Number of protein chains: 2
Amino acid sequence: MGSLDSNPASIDAFAGDAEGFQPLNADDVRSYLHKSVDFIYDYYKSVESMPVLPGVEPGYLSRLLQSAPPSAAAPFDIAMKELREAVVPGMTHWASPNFFAFFPATNSAAAIAGELIASAMNTVGFTWQANPAATEMEVLALDWLAQLLRLPDSFIMNRTGGGRGTGGGVILGTTSEAMIVTLVAARDAALRRIGSDGVAGITRLTVYAADQTHSTFFKACRLAGFDPANIRSVPTGPETDFAVDPAKLLEVMQADVDTGLVPTYICATVGTTSSNAVDPVGAVADVAAAFNAWVHVDAAYAGSACICPEFRHHLAGVERVDSISMSPHKWLMTCLDCTCLWVRDAHRLTGSLETNPEYLKNDASDSGTVTDLKDMQVGVGRRFRGLKLWMVMRTYGAARLQEHIRSDVAMAKMFEDAVRTDGRFEVVVPRNFALVCFRIKPHGGMTEEDAERANRELMEGLNRTGKAYIAHTVIGGKFVLRFAVGSSLQEERHVRSAWELIRKKTAEIMSGDKVSV
Amino acid sequence: MGSLDSNPASIDAFAGDAEGFQPLNADDVRSYLHKSVDFIYDYYKSVESMPVLPGVEPGYLSRLLQSAPPSAAAPFDIAMKELREAVVPGMTHWASPNFFAFFPATNSAAAIAGELIASAMNTVGFTWQANPAATEMEVLALDWLAQLLRLPDSFIMNRTGGGRGTGGGVILGTTSEAMIVTLVAARDAALRRIGSDGVAGITRLTVYAADQTHSTFFKACRLAGFDPANIRSVPTGPETDFAVDPAKLLEVMQADVDTGLVPTYICATVGTTSSNAVDPVGAVADVAAAFNAWVHVDAAYAGSACICPEFRHHLAGVERVDSISMSPHKWLMTCLDCTCLWVRDAHRLTGSLETNPEYLKNDASDSGTVTDLKDMQVGVGRRFRGLKLWMVMRTYGAARLQEHIRSDVAMAKMFEDAVRTDGRFEVVVPRNFALVCFRIKPHGGMTEEDAERANRELMEGLNRTGKAYIAHTVIGGKFVLRFAVGSSLQEERHVRSAWELIRKKTAEIMSGDKVSV
């Protein structure tokens with residue numbers, strides 16, 4: 001039957017160049033990374049003085065860099081030089097402490113270190129076997145964060161004894177992915193419930209969210225095949241501070257049932273993007289229960305605040321929802337991308353998302369004692385996603401994380417107080433977290449149109465200075481400025497400077513004096 | 001109207017602690033990253049000697065690390081210590097040069113550096129305005145790679161003059177995402193074409209792929225709402241080396257049309273996961289044209305090889321398809337995740353994926369002269385995805401990248417030659433790239449069952465040694481071993497050692513001698 005010595009295929013069968021290109025030569029890796037760390041150090045030291053919004057024109061980069069890929073290798077310094085000279089000047093600096101637009105993309109030394117190590121290890125943990133440590137680290141990080149958020153036990157995956165609970169979690173890239181996987185699970189459950197022949201029943205399924213819900217929800221519904229005509233946007237107004245009114249939700253859902261439709265999924269938001277409105281989670285869950293509809297809580301931004309006891313009440317009733325997602329990359333100092341999704345019954349997800357190709361079969365998966373994270377996400381491949389989130393919690397602890405949230409909220413409150421004491425402005429909706437929605441209000445004979453024009457002029461003028469970047473929204477028909485505190489390099493002095501700049505610009509606009517600052 | 005001096009809201013309105021926790025303190029960042037670089041250096045130097053597959057039991061990590069999140073902060077060294085002592089021993093080391101399973105996750109110094117810098121800048125380039133440099137860098141990187149692949153001009157986004165061409169690209173996380181966004185665009189186009197009332201017509205839409213197509217395609221179809229009964233898996237066999245037979249495809253599609261169904265989408269694979277079969281792209285496109293169906297080419301793994309002229313023929317006909325995706329994280333030395341998608345008509349994607357919430361409105365987007373990458377992907381948020389891919393091409397150039405592909409292929413060929421000269425083995429399908437599918441063949445009175453048992457025993461015994469990790473598949477009903485060359489630290493000596501180990505294990509199995517090596 002052959003032996004080691006008699007076998008004709010000896011090692012001499014091999015020939016060729018054992019040298020050559022070594023893409024992961026450890027000395028090169030160290031050298032390139034040290035240069036990168038120097039760049040990052042300089043960047044953090046100097047980003048404050050760079051224009052937050054760059055003044056570049058569309059197509060600028062292709063005019064600076066060669067349009068064809070090089071054929072020969074070049075020293076790494078060339079790429080770094082082009083990065084410094086061509087890329088950095090065209091960046092919108094989300095890391096700038098003068099960035100107050102959208103929501104901040106928060107970050108920390110521990111998170112960057114975790115992501116760096118994950119990139120270098122470069123594992124693909126689709127199944128437990130493909131990387132036990134990465135899988136278990138992700139489960140551990142999610143269980144830790146669930147504890148910080150005081151999520152009910154039903155969402156915790158890792159029970160004592162090592163087996164699966166009914167609940168479970170997964171780290172995804174964005175909230176949109178969390179919405180899609182839960183929408184699909186809810187869709188399939190509803191189709192089964194109504195005895196649909198294949199997907200024929202999909203035309204009867206309806207989904208719901210407040211009109212303040214992130215636009216990506218409506219997109220996710222369309223991606224999952226829901227009929228655009230069956231995606232309900234429930235109107236909100238100032239009487240509920242733009243949160244959904246459960247009575248209105250009930251009315252809309254009941255009307256659908258009355259016409260033979262099947263309420264399938266409701267998205268409640270804790271901290272809307274536009275104005276940080278908070279849908280009443282428990283009341284929404286109670287309404288949904290009557291219809292057997294899936295309730296998902298999107299707490300992408302404000303979920304992070306709920307690690308502080310004083311904000312936890314915004315999640316009241318979460319024990320009655322089916323799933324919740326939040327994004328530590330938004331406010332828990334974990335660089336992009338990192339969205340955590342927890343579901344109360346993991347099997348409802350895996351039932352819709354499981355695949356089992358031959359080449360991924362293994363004893364551990366067959367045993368049913370392990371979690372294969374591929375079955376809780378859109379794709380198969382996945383980075384070592386849990387490491388940076390675990391490193392953030394391990395290094396900073398609950399105390400530092402809470403301190404960070406509170407510091408941002410305090411700075412936002414100070415800004416809000418300043419706005420309130422200036423008669424030219426108004427705070428448009430109550431501030432819940434670290435976002436202040438304000439505007440120059442119509443005063444001294446200004447019409448609503450004058451006010452809108454002034455606010456646009458203020459925003460554009462401010463952003464053109466490069467010294468601050470704020471964004472806008474429309475709430476209740478009003479053009480409103482959004483001032484989001486929380487960029488990770490931000491200190492009180494940056495908030496002060498921005499406010500001074502806003503006052504100065506406003507004075508210029510009010511006096512008709514357009515001299516730039 | 002107020003003036004700077006008379007305004008009641010002065011900077012004195014602010015108060016509070018300006019000190020406190022600084023998550024991005026530049027000195028901390030440098031210190032944490034230097035420690036991480038040291039770790040990575042040591043890891044690359046030592047990973048070769050670590051067991052590729054760890055011998056841990058499910059739940060091992062929760063027995064080593066605390067189950068509750070710490071409340072107090074801890075020195076970063078604590079996290080690093082736990083990483084070394086608890087995480088590393090439970091890793092499946094994809095970076096090990098002794099890793100031959102699945103497809104390798106290739107990597108390089110330039111890629112890790114690019115990802116590190118992107119993590120530190122931490123920008124969210126959903127629109128051009130939200131980060132002009134990141135958007136234009138991604139477009140540039142995609143255009144460069146399209147040139148390396150000699151994709152037709154119709155896929156190139158950045159024409160001279162800075163405007164959009166009809167084609168376009170985007171970097172996504174995984175092939176699954178590329179499939180979903182194109183499936184949805186094709187689905188919506190087909191629904192419009194048949195005059196469907198909302199999504200009612202979805203039950204008539206059919207999609208196609210060879211039975212060797214990655215399981216994630218079938219999952220993506222279900223996510224996008226296609227009826228499971230309308231997802232056609234076209235059988236393949238040894239007569240086409242497990243590539244799809246265009247005649248069979250035509251037959252299946254025509255049969256569907258004859259029963260009133262609407263062929264909507266076909267996925268052709270260049271380099272299947274199981275055995276690296278190559279569907280004939282041009283012939284598939286010709287069949288699809290008759291039905292107005294969308295053709296997507298999934299070249300996740302083998303696309304990288306097509307930067308070499310001698311492999312480019314595998315993409316022949318690509319000018320007639322609608323979209324193509326490939327993943328530089330698989331074989332172009334760009335760490336996870338990085339999947340490039342090109343479409344011939346970007347508007348067909350954005351038509352299904354565009355959102356336009358008030359807070360993202362801006363003059364640049366309104367002008368129509370810029371690309372907003374959020375409209376070509378599942379979600380809204382996105383990392384600075386183009387940087388690492390550009391750094392890889394900028395630093396290594398086409399020459400080094402081609403050298404790397406050729407070196408892997410040469411090593412695979414050497415392995416294949418060795419297998420062929422050993423009478424106990426057979427190569428099961430022709431080797432196209434750097435994957436060898438082989439097995440102990442029935443010989444010396446062995447039945448097919450004996451052979452399957454011997455191959456399983458060989459794989460499991462080999463993997464248990466920790467000195468190599470190979471995976472398996474089933475092709476044409478046979479249990480087959482997959483030997484994938486290409487891990488970025490791999491050199492010829494690792495391939496030699498693995499082959500020696502395979503021979504030794506096989507000899508033991510054949511002689512009934514189970515002494516471990």
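The model is predicted, so local features are reported at pLDDT of at least 70 and side-chain atom pairs at pLDDT 80 or more, whereas totals for chains, interfaces and linings use all residues. Residues are numbered from 1 along each chain as its sequence is written, chains are lettered from A and ligands numbered from 1 in the order in which they are written, and side-chain values rest on heavy atoms, with hydrogens and water left out.

Chain A is superposed on chain B by a rotation of 180 degrees with 0.0 Å of shift along its axis, giving an RMSD of 0.0 Å (least squares on the C-alpha atoms of residues with pLDDT of at least 70 in both copies). The two copies are therefore related as by a two-fold rotation axis. The same surface serves both of them, as 100% of the contact residues of chain A recur in chain B.

Turning to the interface itself, 184 residues of chain A are in contact with 185 residues of chain B, contact meaning heavy atoms within 4.5 Å. Together the chains bury about 16600 Å², and carbon and sulfur atoms account for 67% of this; buried area is the accessible area (1.4 Å probe) lost on putting two parts together, summed over both.

Six salt bridges are counted between chain A and chain B, each being a side-chain nitrogen of Lys or Arg within 4 Å of a carboxyl oxygen of Asp or Glu. A salt bridge joins A:Glu82 to B:Arg394, with the closest N and O atoms 2.9 Å apart.

The cysteines complete the picture. Zero disulfides are found over all chains, a disulfide being a pair of cysteine sulfur atoms within 2.5 Å. For B:Cys308, the closest cysteine sulfur is that of B:Cys306 at 8.6 Å, too far for a bond. For B:Cys335, the closest is that of B:Cys338, 8.6 Å away and likewise too far for a bond. B:Cys308 is buried, at a relative accessible area of 0%, and B:Cys335 is buried with a value of 0% (buried is under 20%, exposed over 50%, partly exposed in between; 1.4 Å probe, protein chains only).
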